[in-house]
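Please keep the model open while reading.

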Amino acid sequence: MAEYLASIFGTEKDKVNCSFYFKTGACRHGDKCSRLHNKPTFSQTIALLNIYHNPQNSAQSADGLRCPMSDLEMQEHYDEFFEEVFTEMEEKYGQVEEMNVCDNLGDHLVGNVYVKFRYEEDAEKAVMDLNNRWFNGQPIHSELSPVTDFREACCRQYEMGECTRMGFCNFMHLKPISRELKRKLSLQQCKRHRSRSRSRERHSPSRDIRHGGTRGGRGREHYRRQSRYLKRYGRF
């Protein structure tokens, strides 16, 4: 029985736990949902709720019509927001493995930003600090999120341009950044990780210059492993 319950946990067959909250960290029914929302006590991922405001969805002219923005202006506005948040997360809290922004219109997903850190302790530190901060004149509401695999949280039909529910889909519609920004952030991330690694080596009490590295058999091979790691995982 226990094995069966474990196999259906968080799926549509689970009549106790909400599958949408388990997959996306959000549910359109909120606290009124008939199923449980099991909030994690530890996670690599945090959610910044309703923090991104799409100008095309909110800007209106005096006569009530939506103000038009070109695709280029929209991308520039979004890239500026993404870079600011991503850089803040990396510099203040720790290595970011993945960051995604929802372009949904439903209240439970609109403007949500999901940041997946490499370490759970960095995510915990970020949540505690961010809930005491403001962004664009509004208080930040952050929480640990159960989302770890964004492939399960995303709408596959949206990625293929076939989602009929548009912005009101219950799965994530992730807004992409430009190739230029992705390349820029990747380079900055690699440089930042190299700098942190060098800093740790300089302040390591076990460093032994006579052996060309650190004691315990770590020397040039240590740096080679570090270099291979950065080349493989340095990009988000």
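Phe-20 is partly exposed, with a relative accessible area of 30%. Here buried means under 20% relative accessible area, exposed over 50%, and partly exposed in between (1.4 Å probe, protein chains only). The model is predicted: local features need pLDDT of at least 70, side-chain atom pairs count only at pLDDT 80 or more, and totals for chains, interfaces and linings use all residues. Residues are numbered from 1 along each chain as its sequence is written, and side-chain values use heavy atoms, with hydrogens and water left out.

**Aromatic pairs**

- The structure holds seven aromatic pairs. Rings of Phe, Tyr and Trp (its six-membered ring) pair if their centres lie within 6.5 Å; planes under 30 degrees apart are stacked, over 60 edge-to-face, and the rest tilted.
- Phe-20 and Phe-171 form a tilted pair, because their ring centres are 5.3 Å apart and their planes are at 55°.
- Phe-20 sits in helix H2 (residues 19-24) and Phe-171 in the loop between H7 and H8, so the pair ties together parts 151 residues apart in sequence. Helices (H or I, at least four residues) and strands (E, at least two) are DSSP runs, numbered from the N terminus.
- Phe-171 is also partly exposed, at 22% relative accessibility.
- One aromatic cluster is formed by Tyr-52, Tyr-78, Phe-81, Phe-82, Phe-86 and Phe-135.

**Nonpolar cores**

- The largest nonpolar core has 28 residues; Ile-46, Phe-82, Met-89, Met-99, Val-113 and Phe-117 touch the most other members. Such a core is a set of buried Ala, Val, Leu, Ile, Met, Phe, Trp, Tyr and Cys residues joined through side-chain atoms within 4.5 Å.
- H4 gives the most to this core, with seven residues.
- A second, separate core has eleven residues, including Ala-26, Ala-153, Cys-154 and Leu-174.

**Largest pocket**

- The largest pocket holds about 490 Å³ of space. A pocket is an open set of points on a 1 Å grid over the protein atoms alone, where a 1.4 Å probe fits, with protein on both sides within 12 Å along at least five of seven lines; lining residues have an atom within 4 Å of a point. Grid points are joined across faces, edges and corners, and the volume is the space filled by probe spheres set on them.
- Its lining has 23 residues, with Met-99, Asn-100, Leu-174, Pro-176 and Lys-182 nearest the centre of the pocket.
- Strand S2 supplies the largest share of the lining, four residues.
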